[in-house]
Amino acid sequence: MKRTILTAICLLVAAVTTPIFAQQTKQHEVKAGEALYSISRSYGLTVDQVRAANPNLGEVILTGQKLNIPTTQAAQPTTAQPQQIIILPVNETTKRTEEQVPTPTSLQVSDGGTNVKMMYEVKKKETLYGISKQFGLTVDQLLAANPEIDPDKKLKKGAYLRIPFTEEELIAMQPVVEEEPVVEEKILYPVNLAVIMPFGLNEEKKTKDIITMVDFYEGVMLAMSDLKKEGVSANIHVYDEADIDSVLRLPWMKELNLIIGAKDAANITKLTNFAEKNDINLVVPMSSSATLVNNTRNVFQVNQKMESDAYNRSFELFTSLHPRANFIFVNIAEQTDKMDYIVRMKNFLNKKSINYNSVEFKEMETITDVLAEGKENIIVPSSSTKTAFDRLTKKLNSLELGAYDIDLFGYTDWQAFAEKSPEEFKKYNCTFFTTFYYNPNSTESISFNQKFRNIFMRDQFNTHPRYGMLGYDITKFFVKNMYEQGEDFKANISNLESNSLQNPLHFEHKNTWSGYINNALMLVKYNSDGTISVKQM
């Protein structure tokens with residue numbers, strides 16, 4: 001496990017000495033709540049010195065009264081002391097205990113504060129009890145304003161006592177303020193996050209898998225940078241999946257709010273158990289296991305396994321956009337045929353009472369027998385490979401079917417080679433549904449790729465999906481929403497939409513005792529004018 005160490009930095013601010021010279025005369029206007037003692041202290045004088053400058057001063061001073069302040073002696077120079085700021089070394093494998101954390105101390109200075117009404121000179125044989133009764137106070141209130149007085153000793157004649165305002169006087173002095181409705185401000189706490197993926201830190205050779213995982217991490221970092229600009233606060237720890245056992249023993253791991261990882265099935269199980277035991281949200285980015293979230297209330301599965309509901313939602317949307325279409329299935333007869341997909345779509349069309357026809361690829365010349373003029377003819381090949389796509393489009397081109405409106409409907413796999421066959425994708429308005437989509441033409445993708453290149457001095461590895469974007473989308477969605485929603489995050493999860501670059505995120509419970517599955521889908525269409533339409537479901 002790699003350690004991150006910050007070098008200690010010391011910033012010293014040089015001492016500055018500034019002499020302050022006394023003026024010959026000065027007047028002070030008494031403010032509400034001020035006492036002679038506190039005024040004297042504020043000028044570094046004694047009460048006797050102020051009284052000597054004001055021979056006609058009585059026992060009580062009044063608000064607005066002007067006092068002469070003696071300034072015949074220069075005040076002593078004041079010196080600003082050096083200030084030292086130290087950033088201590090940080091080690092990811094250690095943590096300070098509570099005993100090591102310095103406890104702040106508070107310096108209490110009692111001069112009566114603004115609660116002092118006046119200074120009272122003790123007369124011969126006077127007691128604390130008698131003086132307190134004279135001013136409508138208790139002995140405890142008088143002692144609280146004069147903590148230096150020993151209650152067990154007699155008062156000395158000529159000593160001064162601070163006389164505080166009574167509670168009634170303080171209430172009477174308060175201005176009348178109309179109460180405003182109390183608005184409870186939501187307290188936002190930083191999200192504590194750990195990313196645990198196979199970064200191959202101990203591997204000498206950087207394989208494709210390792211590079212894509214580094215892309216994922218760098219996408220996480222770009223998301224954190226953007227979130228910081230939005231005012232979202234988070235603390236992030238990043239670990240190599242190879243060290244997962246020792247990582248999960250680190251004491252602060254139990255304090256996390258969110259873990260993103262892992263890739264290996266056995267390690268996903270370890271993280272799932274850890275997250276459930278410590279009530280931590282776990283996001284699994286890549287596994288499409290159908291049982292991943294079973295009986296695991298804290299797990300979020302990003303990569304959903306395509307099941308009947310997902311297929312039916314996709315077919316529903318597509319057919320609603322083409323209500324009068326003529327559907328034709330072409331049997332390519334490859335080993336990689338998607339017969340399960342074809343059977344599902346045919347069953348859906350049968351339930352919706354939508355007619356369709358089937359044609360063998362080796363008999364494509366007969367396709368004109370089932371094509372309809374004045375209608376959209378949707379052709380669905382039985383295979384998702386580039387070879388099958390090329391064979392089909394080449395055959396369609398050779399048949400010169402210009403009198404017919406022909407579109408192709410197919411598979412997620414098509415986006416992997418769409419850039420290599422741009423003319424065919426435009427000509428046949430190729431459409432497919434997918435759980436992720438990298439749109440090379442979108443301004444968001446272009447901006448992200450440029451930022452990635454500028455910061456990391458290279459491009460993302462050319463895969464589908466782009467793992468840098470995957471890390472970005474997951475981090476942006478979870479950290480932002482967990483920071484803003486706080487304890488309401490899970491309760492509101494089904495209402496939270498993502499503004500994703502590549503991987504739309506919309507989570508629902510698989511069932512009442514399970515975790516959460518991302519059920520977001522997109523319908524992607526390459527238009528004849530060169531644009532790309534994306535509809536999220």
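## Exercises on a predicted model

Helix 14, which runs over residues 467–485, has 19 residues and reaches 27 Å from its first C-alpha to its last, close to the 27 Å expected at 1.5 Å a residue; the expected span is 1.5 Å times one less than the number of residues. Helices (H or I, at least four residues) and strands (E, at least two) are DSSP runs numbered from the N terminus.

The model is predicted, with local features needing pLDDT of at least 70 and side-chain atom pairs counting only at pLDDT 80 or more, while totals for chains, interfaces and linings use all residues. Residues are numbered from 1 along each chain as its sequence is written, and side-chain values use heavy atoms, with hydrogens and water left out.

**Exercise 1.** Determine how many residues of helix 14 are buried, and what follows the helix.

*Solution.* Start from the cut-offs: buried means under 20% relative accessible area, exposed over 50%, and partly exposed in between, with a 1.4 Å probe and protein chains only. By these cut-offs, 16 of the 19 residues of helix 14 are buried, so the helix is largely enclosed by the rest of the structure. Then look past its end, where glycine 486 follows with a positive phi, near 60 degrees.

**Exercise 2.** Locate the partners of the salt bridge between aspartate 226 and lysine 451, and decide whether each is buried or partly exposed.

*Solution.* A salt bridge is a side-chain nitrogen of Lys or Arg within 4 Å of a carboxyl oxygen of Asp or Glu. For aspartate 226 and lysine 451, the closest N and O atoms are 3.3 Å apart. Aspartate 226 belongs to helix 6 (residues 208–229) and lysine 451 to helix 13 (residues 443–456), so the pair ties together parts that are 225 residues apart in sequence. Aspartate 226 is buried at a relative accessible area of 11%, whereas lysine 451, at 29%, is partly exposed. Elsewhere, salt bridges with shared partners join Glu230, Lys476, Lys480 and Glu484 into one network.
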